[in-house]
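Please read the following note with the sequence and the three-dimensional structure at hand.

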Amino acid sequence: MTKLTYWFIQVENTNLEQFNTVTKTFMLYYADILNYFNDRSTNHLQNPLMLKLSTLE
């Protein structure tokens with residue numbers, strides 16, 4: 001179990017509504033977050049392209 005997973009469990013057990021948004025965001029990007037720390041890789045090269053495409057729509 002990762003430290004991040006352990007943190008999720010602790011936060012869920014506290015039932016604090018303030019952390020709901022944070023935990024949902026982490027859960028959505030969990031694999032990407034762990035991938036960054038394992039491989040130090042991101043999609044930073046893709047982000048400018050996606051921004052340009054979204055402005056064209």
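1. Helices (H or I, at least four residues) and strands (E, at least two) are DSSP runs, numbered from the N terminus. The model is predicted, so local features need pLDDT of at least 70 and side-chain atom pairs count only at pLDDT 80 or more, while totals for chains, interfaces and linings use all residues. Residues are numbered from 1 along each chain as its sequence is written, and side-chain values use heavy atoms, with hydrogens and water left out.

2. Helix α1 covers residues 3-14, 12 residues in total. From first C-alpha to last it reaches 17 Å, close to the expected 16 Å; the expected span is 1.5 Å times one less than the number of residues.

3. Just after α1, N15 takes a positive phi of about 60°, in a residue other than glycine. N15 lies in the loop between α1 and α2. With a relative accessible area of 66%, N15 is exposed (buried means under 20% relative accessible area, exposed over 50%, partly exposed in between; 1.4 Å probe, protein chains only).

4. Rings of Phe, Tyr and Trp (its six-membered ring) pair if their centres lie within 6.5 Å; planes under 30 degrees apart count as stacked, over 60 as edge-to-face and the rest as tilted. The count by this rule is 5 aromatic pairs. One of them joins F8 and F26 edge-to-face, at 6.0 Å centre to centre and 65° between the planes. This pair links distant parts of the chain, 18 residues apart: F8 in helix α1 and F26 in helix α2 (residues 20-28).

5. F8 is buried at 4% relative accessible area, whereas F26 is partly exposed at 28%. W7, F8, F19, F26 and Y30 form one aromatic cluster.
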